[in-house]
Amino acid sequence: MQIDYHSFYSSNLGRDMEFKSYGHGGKPVIIFPSSGGRFFEYEGFGMIEACKDFIERAKIRVYTVDGIDNETWLNKERPVSDIAKHHNAYDKYIVDELIPFVRKHNNYEGGLLTSGCSMGGYHSANFYFRHPHVFDTVIALSGIYDARFFLGENLDDFDVYINSPIDYLAQLEDNHYLDAYRRGNIIVCTGQGAWEEDAIRDTRALEEVLKSKNIPAWIDYWGKDVNHDWDWWRVQMPYFLSKLEEQDKLK
């Protein structure tokens, strides 16, 4: 498997940002880390090995990006408005700086796939719904989809509101976005075992919002033995990739 380390300066964040890529071709997959995680954790927890078959057959090329959650959503010392604005700078880094690199790196102009586990599940869903012109597929595993979980009742701050999917989707009427979601591939999964209570609650809330907007999605609740842990995410990710491949949607 081809594995490459990358780093370049982000003008939006004012620092060098690191990431890794795995594979030599296929649909680009942007992976966000879990809470406070780094770009190397996906490989470290065996997720690259779990997806190895798809990578080596050039069905996907995986990019594991760095996160800044310890400065934003997980930071309890900063004002809420600063946290949200800082995350939106990260959003611009991903969309305006990283994605153009990924497209050039792959000579690829189609829609990208995004995924992540736990906090990464939140990010993958939020980036998918905010940027359907960039992403056409999301696999969100054990995520949170309500910004109140991180910042409390501060949705009157627009920078917070636009990062709370169950809220902005509920009020969304723009058919440009709604039709893009309806054409896309939305997979949201949670187990029902230990430490999944918050993910179950938010997955159900997201499911209801999507239904109310007539947006098709595969919302999957795994068993009560399925815990909020890497052991299960290593099973879930290749399972959903295999289903997308069966449907000829890894393009």
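**Entry 1: Arg38 and Glu18.** I started with a salt bridge in this predicted model: Arg38 pairs with Glu18, and their closest N and O atoms are 3.0 Å apart. I checked where the partners sit. Arg38 is in the loop between strand E3 (27-32) and helix H1 (41-44), while Glu18 belongs to strand E2 (residues 15-22). That puts them 20 residues apart, so the pair links distant parts of the chain. Arg38 is partly exposed at 32% relative accessibility, and Glu18 is partly exposed too, at 23%.

**Entry 2: other salt bridges.** How many salt bridges does a search of the whole structure find? I got 21. One of them joins Asp248 to Lys251, with the closest N and O atoms 2.7 Å apart. Lys251 counts as exposed at 57%, whereas Asp248 is partly exposed at 48%. I also noted a network of salt bridges linking Asp53, Arg57, Lys59 and Glu245.

Entry 3: Arg148 bridges to Asp146, closest N and O atoms 2.9 Å apart. Is Asp146 buried or exposed? Its relative accessible area is 13%, which is under the 20% cut-off, so Asp146 is buried. Asp146 turned up again among the contacts of Asp202, along with Gly143, Ile144 and Tyr145. Asp202 lies in helix H10 (residues 197-212) and is buried, at 2%. The side chain of Asp202 also makes a 3.0 Å polar contact with that of Arg201.

**Entry 4: H5 and H9.** Last, I looked at two helices. The axes of H5 (residues 119-130) and H9 (residues 175-183) come within 10 Å and cross at roughly 125 degrees, so the helices are oblique to each other. Tyr128, Phe129 and Arg130 in H5 meet Tyr177, Ala180 and Tyr181 in H9. Five of these contact residues are nonpolar, one is charged and none is polar.

Terms used. Residues are numbered from 1 along each chain as its sequence is written. This is a predicted model: local features need pLDDT of at least 70, side-chain atom pairs count only at pLDDT 80 or more; totals for chains, interfaces and linings use all residues. Side-chain values use heavy atoms; hydrogens and water are left out. Axes are lines fitted to C-alpha atoms, for helices over the stretch in contact, and angles run from 0 to 180 degrees between N-to-C directions. Helices (H or I, at least four residues) and strands (E, at least two) are DSSP runs, numbered from the N terminus. Angles under 35 degrees count as roughly parallel, over 145 as roughly antiparallel, 65 to 115 as roughly perpendicular and the rest as oblique. Contact means heavy atoms within 4.5 Å. Ala, Val, Leu, Ile, Met, Phe, Trp, Tyr, Cys and Pro count as nonpolar, Asp, Glu, Lys and Arg as charged, and the others, Gly among them, as polar. Buried means under 20% relative accessible area, exposed over 50%, partly exposed in between (1.4 Å probe, protein chains only). A polar contact is a pair of N or O atoms within 3.5 Å; within protein, one must be able to donate a hydrogen and the other to accept it, and residues adjacent in sequence count only if both atoms are side-chain atoms. A salt bridge is a side-chain nitrogen of Lys or Arg within 4 Å of a carboxyl oxygen of Asp or Glu. Lists of a residue's contacts leave out its neighbours within four places in sequence.
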